[in-house]
Each structure stands twice: as C-alpha cells, then as structure tokens.
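Here's a quick tour for anyone meeting this structure for the first time. Have a look at the picture, then read on.

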Amino acid sequence: MKPHNLVFQEGDAVETIRDIRGVTEAEGNHSFTLEINGFVYSRYPPPLFTNPKDFGDPDHIQNIFLPECEAILRNEIEGVDRVFIFDWKIRKKKSAKEQRKRNDNLLSFARQVHIDTLLTKDEPGTSMIERIRNHLPEEAHHLLSGRVQMINMWRPINGPVEDQPLAVCDGRTVDKTKLVETDMTRGDYTGTMLYPLYKPGNIRQWYYLSRQAVEDVLLFKSFDSKTGSVERE
C-alpha cells in the first residue's frame, strides 16, 4: 500500500553535489551519457523564443518549441523510432500574483529528491506501458515490441541560471531497493512518484551544471524498458 502522506526530515549526513564543469575539466573531459549515467548535458542553439510570455501561446508551444525538443531527442538518442511529448512545464519562483492564479504549466522548484515516473490524467497508477497504449493505441503494439524510454529534457528559457540549479544523480549509484512509491496529485493529474529513503553512508554521486545557459540542454531518464539500464533521480 502506498503512503498517504510523506513527512520529510533533514538528515544528519552531508552529500556533495559536484559542478559538472569542474569534473569534466579535472578528469580530462570525462563525458556523462544517458546509457551509462542516466543523464547527459549537451550544447544546442538557443530556442527560437526565450520570452516566458511566449509560453502562454499554445500555437508557439505546439509548432515551435516542442518540435525543437523532439529534434534534440532524435539527435541524442540513436535509433529513435517515435517521439511522443506528453507534458511540459515551466519551473520558476512564483510571484505573489502567480501564486494566486492557477496555471497548470507553471510550477515552483522541486525541493525534495524524487524520480518522476508516471503522470496521467486517465487512471491513478497507470503504468508507463499503459500510457503508451492510451496515447498511441494504433502504434502501441509496434512500439512496445522494442525499447521504450521516458526522457526528461530541461533547459533555461533565458539564462544563465543564477540560483536553484537542477541536480541529478548518477543512476549507477542509486539503490533501487530503497525507493518508496507514492501517489502524486497535481491539479487534475494523478500519478506516481518515487522517493529514495535516506540512509547514512549511501554513496550517491550528485552533479549540477553551474550557470546553465540557454544553450545547455540536460536530458535524464526516468524509465527504460531495457534490462539492466539505469534511470535517473
């Protein structure tokens, strides 16, 4: 049975979050990859529009921004057969006015370590596989006969990022037996979230990118059907 509510407490151990810029320079441009680490930073030209107000125009999102995202995914992941983007969000510190208005595509910063797994407006607990059947019924049989991945893509819409950078964990250092599955409700959404249990002595390796610019694109995995693959926190 999933917990109804979670209570977060601060642990007494310190976990280091390393700046990936310093790591790559010190270790001879050591590269992080989706296949090995579950995340990758890559450089791309800035998006065609970088004004937050443009993200209030559905036509701009569907015809400009999301196709840009799809092109990046196809370039980064070899052998992609189909890309389906089912959700997008802007994360920022909300003003008092923004806090009073409901905007399903505008969220504050996430404060807890978590793994996004499933978001669905259909049925609570719908699995990633069922999501494909729901959204792409005519293609589902073909798609599910091969490898399926859920990839998150993050980039600043204007930058560089001065505070609240996004941190990711090397998927090889995550103990999957220490993950707690919970329901996650956000407006009309009901889905599933995974939270890692705190355990002193855990050797998780955390990274972030200082002063992430609009050209710096982060991709990280939340789901991969390939046996033995890594997913990401």
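## Before we start

Keep in mind that this is a predicted model.

## A three-stranded sheet

Let's begin with a sheet. Three strands make it up, in the order S1-S10-S7, and the sheet is open, with mixed pairing. Strand S1 (17-19) and strand S7 (168-169) are the edge strands, each pairing on one side only.

How do S1 and S10 pair, parallel or antiparallel? They run in the parallel sense, and three bridges join S1 to strand S10, which covers residues 206-208. If you want a spot to look for, find Asp19: standing opposite it is Tyr208 in S10. As a bit of background, the strands of a sheet pair through backbone hydrogen bonds, either parallel or antiparallel.

## Cysteines without disulfides

How many disulfides does the structure hold? The count is zero. Two cysteines are still worth a glance. Cys69 has a relative accessibility of 9%, so it counts as buried. Cys169 comes out at 0%, so it counts as buried too.

Now for the charged side chains. The count of salt bridges comes to twelve, and a few of them are picked out here.

One of them joins Glu70 and Arg74, whose side chains meet at 3.0 Å, N to O. Both residues sit in helix H2 (residues 58-76), and they are four residues apart, about one turn of the helix.

Arg147 counts as partly exposed, at 37% relative accessibility, and Glu35 is partly exposed with a relative accessible area of 42%.

Arg147 also forms a salt bridge with Asp224, where the closest N and O atoms are 2.6 Å apart. Asp224 is in strand S11 (residues 216-224) and Arg147 is in the loop between H5 and S6, so here the parts tied together are 77 residues apart in sequence. Why does Asp224 count as buried? Its relative accessibility is 5%, and buried means under 20%. Which residues belong to the network of salt bridges? Glu35, Arg147, Lys221, Asp224 and Lys226 are linked in it.

## Asp170 and its contact

One last stop. Asp170 lies in the loop between S7 and strand S8 (179-186). With a relative accessible area of 1%, Asp170 is buried. Which side chain does the side chain of Asp170 contact? It makes a polar contact with the side chain of Asn37, at 3.0 Å.

Note on methods:
Residues are numbered from 1 along each chain as its sequence is written. This is a predicted model: local features need pLDDT of at least 70, side-chain atom pairs count only at pLDDT 80 or more; totals for chains, interfaces and linings use all residues. Side-chain values use heavy atoms; hydrogens and water are left out. Two strands pair if DSSP finds at least two bridges between them. Helices (H or I, at least four residues) and strands (E, at least two) are DSSP runs, numbered from the N terminus. A disulfide is a pair of cysteine sulfur atoms within 2.5 Å. Buried means under 20% relative accessible area, exposed over 50%, partly exposed in between (1.4 Å probe, protein chains only). A salt bridge is a side-chain nitrogen of Lys or Arg within 4 Å of a carboxyl oxygen of Asp or Glu. A polar contact is a pair of N or O atoms within 3.5 Å; within protein, one must be able to donate a hydrogen and the other to accept it, and residues adjacent in sequence count only if both atoms are side-chain atoms.
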